[in-house]
Amino acid sequence: MTAVPGRRRPNATHERGIYMVFTKYSGNPVLGPQAFPGDIMYVFNPGAIRYNGEYLLIVDAATAATPIVFWIARSRDGIHFTPDPKPISGWPAPESGAENCIYDPRITFIDGEYILMYASQAPGRGVRTGVVRTRDFRVFERIEQAETGRNNRNSVLFPEKINGRYVRFDRPMGDDECEPCDMCISYSDDLRNWNDTKVLMTPRPGCWDSHKIGGGAVPIRTPEGWLVIYHGVDLTCNGFIYRLGVMLLDLEDPSRIIARGGLPVLWPDQPYEMFGRVMNVTFGCNALLEDDGTVRIYYGAADTCIGLATAKLDDLVAACRVGNPTAERFFSGK
Ligand code: BMA
């Protein structure tokens, strides 16, 4: 695997005095719409996994006029990606009717197969979590979901059953995309019916994750707990800013938060993240742990292209315990 060049630096111009724990690859973006055939204008928010000795991304790909489709891109070195000639074909339609938009896949390897959870939108139905399984990224089989009557997305499956059950993050929401939302955790025996949903955490007033929060990467098991990289949305007078942060969850009871970092670990400060289809977005759907303790993420930038960033696992775990005393003091009124 190729080492990723880059350097750690304080991003003093944007977040005075705060170190960005992730280091962005100096050759970013690693994948953009130019690499794709046809009229593709936006490629973003990939699920990522290592498969057959390669890095495999399933990216959101869209033209200016058509809904998002899933498209696979592959790379031997994790930097130079080649998209397949066509988007994924044979994507299994839900029994409830056709999906008209699919996006933000998360890929979990569990029990010898790959489970994809993604946002599935259908006319007149709103958005739900779609679940699809594959063993080879050629044939995809749908796991029909029990209808809940409620919008839900940002679902991410844990890579192990816990106490005999599948566990996932999800994010039930109302009809208005822009409303504040909590991040939830749910459990299942069969990957179809999701029960015992609990609010895992809520937005924090005055912080970088003040408005909406949601699952990001598949959690990584560490001796100190499940390391979770999630996205947080801050609302400004000029719109949303999407940043990534970290928390640690109890290994046996992942509904218990051990520590939640007070500061973001990655945020938009580069032109390719600040300008595009949607401004000021860094959005994560994956985190791959390398043998040397490096975590690499392929993140969506401005809903337009894909960046690579790396951090040491230990630094991310440590970041979970870093507070934000100024905001905590201010908003607790003390
Ligand atoms: C979220 C999702 C993401 C997108 C982000 C920023 O709500 O829809 O797919 O990257 O908004 O537009």
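Let's start with Tyr51, which at 15% relative accessibility counts as buried (under 20% relative accessible area; exposed is over 50%, partly exposed in between, with a 1.4 Å probe and protein chains only). Before going on: this is a predicted model, where local features need pLDDT of at least 70 and side-chain atom pairs count only at pLDDT 80 or more, while totals for chains, interfaces and linings use all residues. Residues are numbered from 1 along each chain as its sequence is written, and side-chain values use heavy atoms, leaving out hydrogens and water.

What does Tyr51 do with its ring? Across the whole structure, a search turns up 16 aromatic pairs (Phe, Tyr or six-membered Trp rings with centres within 6.5 Å; planes under 30 degrees apart are stacked, over 60 edge-to-face, the rest tilted). In one of them, the ring centres of Tyr51 and Phe137 are 5.0 Å apart with planes at 70°, so this is an edge-to-face pair. Tyr51 belongs to strand E2 (residues 42-51), whereas Phe137 is in the loop between strand E8 (126-134) and strand E9 (140-142), so the pair ties together parts 86 residues apart in sequence. (Strands, E, of at least two residues and helices, H or I, of at least four are DSSP runs numbered from the N terminus.) Phe137 counts as buried too, at 3% relative accessibility. Then there's Phe109 with Tyr114: centres 4.8 Å apart and planes at 40°, so that pair is tilted. Phe109 is partly exposed at 43%, while Tyr114 is buried at 10%.

Now follow E2 into its partner. E2 and E3 pair in the antiparallel sense over 8 bridges (pairing takes at least two DSSP bridges), with Ala48 standing opposite Leu57 in E3. The hairpin of E2 and E3 has 2 residues between the strands, and Asn52 there takes a positive phi near 55°. On its other pairing, E3 joins strand E4 (residues 69-75), again in the antiparallel sense, over 7 bridges. Here Leu57 stands opposite Ala73, and the E3-E4 hairpin has 6 residues between the strands.

How enclosed is E3 (residues 54-62)? 9 of its 9 residues are buried, so the rest of the structure largely encloses it. Both faces are covered: Glu54, Leu56, Ile58, Asp60 and Ala62 are buried on one side, and Tyr55, Leu57, Val59 and Ala61 on the other. In a regular strand, side chains alternate between the two faces of the sheet.

On to the nonpolar cores (buried Ala, Val, Leu, Ile, Met, Phe, Trp, Tyr and Cys joined through side-chain atoms within 4.5 Å). The largest has 26 residues, of which Phe22, Leu227, Ile229, Ile297 and Leu316 touch the most other members. Strands E16 (225-236), E17 (239-249), E21 (294-301) and E22 (305-312) and helix H2 (313-319) each supply at least two of its residues. A second, separate core of 21 residues includes Val156, Phe158, Leu200 and Tyr230.

Finally, there is an open sheet of 4 strands in the order E10-E11-E12-E13, with antiparallel pairing. Its edge strands, E10 (151-157) and E13 (195-201), each pair on one side only. Inside the sheet, E11 (residues 166-173) and E12 (residues 183-188) pair over 5 bridges, and Tyr166 has Ser188 as its bridge partner in E12.
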